Amino acid sequence: MKPILPSLILFLISLHAFSQSKIDYGNNKAAGKYYNIRGIKMYCEIYGQGKPLLMIHGNGGSIKSFENNIAFFAKKYKVIVADSRAQGKTIDTNDSLSFEMMADDEAALLEVLHIDSAYILGWSDGGINALLLAMRHPEKVIKLVSTGANLWPDSTALIPSLWKDEKIQADTTNTKYFTAAQKNDWKLFLLDWLQPNITLQQLHGIQCPSLIIGGDHDLIRIEHTTVIYQNIPKAYLWIVPNSSHATLIDQRDEFNKKADEFFNMPFHQF
């Protein structure tokens with residue numbers, strides 16, 4: 001019988017090499033850099049070559065939120081993904097936060113990167129920011145994909161159990177002895193508790209082709225996601241089967257494929 005030790009060593013070496021080759025998204029010094037954006041230092045990582053694609057994460061998330069998606073899109077796009085204000089490595093010590101502020105940050109980031117316009121992919125709060133970016137800076141958006149977004153922060157938009165949990169937290173939290181980190185977390189909580197406040201009339205102003213997505217078991221009501229789709233002139237709707245709020249994780253391969261197809265096909269009104 002041949003000795004197995006050399007084979008085992010080779011296997012362990014190859015396994016180690018594989019683990020070392022995996023990219024630590026959100027902590028990749030080779031791809032990451034800080035940019036001076038509207039009074040903050042925004043941390044951003046860039047991958048791939050091609051048409052620019054800006055990805056925007058959700059509340060309390062970071063670049064790492066897209067670890068299931070970046071490699072796929074970086075094969076044919078220049079993927080730009082940043083830690084939003086007050087999240088990840090992007091520090092913001094101000095006492096309040098708004099979606100409009102963050103949408104303006106994303107537009108400013110594209111300006112600093114000398115990118116005239118980009119495809120946009122936003123998840124959850126990032127999906128809200130994608131919509132606002134198209135409203136406030138339409139020249140910056142070629143097409144947008146928005147998954148898990150809401151227009152207003154009540155139980156007609158959110159599933160009742162989520163809204164009730166948030167109300168309990170809003171009613172019972174004592175902020176008197178908050179640390180700096182807790183103050184930042186509270187600021188992010190209030191962002192979703194009090195915002196967004198987008199009207200249907202505002203949605204009518206989005207002129208770029210848009211793909212509006214929700215999971216069939218999303219935290220956002222399917223009816224609300226449908227209302228968003230119905231009020232954007234050039235929009236498609238996709239309710240992802242067997243998916244939670246995390247559509248781009250639960251159905252990663254199908255999500256990546258459909259988003260890519262949408263970015264590359266002409267818009268056809270049905």
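1. Ser124 counts as buried, because its relative accessibility is 13% and the cut-off for buried is under 20%. This residue sits in the loop between β5 and α4. Its phi is positive, about 60°, although Ser124 is not a glycine. Keep in mind throughout that the model is predicted.

2. Ala86 has a positive phi of about 70° and is not a glycine. Its place is the loop between β4 and α3, the helix of residues 99–112. With a relative accessibility of 5%, Ala86 counts as buried.

3. Ser84 is found in the loop between β4 and α3. Its relative accessible area is 2%, so Ser84 is buried. What does Ser84 touch, once its neighbours within four places in sequence are left aside? Its contacts are Ile56, His57, Thr90, Met102 and Glu106. For one of these, Met102, a C-alpha distance can be given: Ser84 and Met102 are 18 residues apart along the chain, and their C-alpha atoms are separated by 6.9 Å.

4. The next point is the sheet. Eight strands form an open sheet in the order β1-β2-β4-β3-β5-β6-β7-β8, and the pairing is mixed. Which strands are at the edges? They are β1 (32–37) and β8 (235–240), each of which pairs on one side only. On average, neighbouring strands in this sheet are turned by 20° against each other, direction ignored.

5. Both senses of pairing can be located. Strand β1 and strand β2 (residues 40–47) pair in the antiparallel sense over six bridges. In this pair, Asn36 stands opposite Lys41 in β2. The hairpin of β1 and β2 has two residues between the strands, and Arg38 takes a positive phi near 50° there. By contrast, β6 (residues 141–147) and β7 (residues 210–215) pair in the parallel sense over four bridges. Here Ser146 stands opposite Ile212 in β7.

6. Two helices that pack on the sheet should be noted. Helix α4 (residues 125–136) touches β3 (51–56), β5 (118–123), β6 and β7. Its direction makes about 150° with that of β6. Helix α10 (residues 252–264) touches β3, β4 (77–82), β5, β6, β7 and β8. The direction of α10 makes about 155° with that of β6.

7. Asp192 deserves a separate look. This residue is in helix α6 (residues 180–194). Does Asp192 lie buried or exposed? Asp192 is buried, yet it has no salt bridge. The nearest side chain of opposite charge belongs to Lys187, 13 Å away.

8. Leaving aside neighbours within four places in sequence, Asp192 is in contact with Asn59, Phe99, Asp125, Pro153 and Glu166.

9. The last point concerns a peptide bond. The bond from Gln195 to Pro196 is cis, with omega near -5°. Where is Pro196? Pro196 lies in the loop between α6 and α7 (200–203).

Note on methods
Residues are numbered from 1 along each chain as its sequence is written. This is a predicted model: local features need pLDDT of at least 70, side-chain atom pairs count only at pLDDT 80 or more; totals for chains, interfaces and linings use all residues. Side-chain values use heavy atoms; hydrogens and water are left out. Two strands pair if DSSP finds at least two bridges between them. Axes are lines fitted to C-alpha atoms, for helices over the stretch in contact, and angles run from 0 to 180 degrees between N-to-C directions. Contact means heavy atoms within 4.5 Å. Buried means under 20% relative accessible area, exposed over 50%, partly exposed in between (1.4 Å probe, protein chains only). Lys and Arg count as positive and Asp and Glu as negative; His and the chain ends are not counted. A salt bridge is a side-chain nitrogen of Lys or Arg within 4 Å of a carboxyl oxygen of Asp or Glu.
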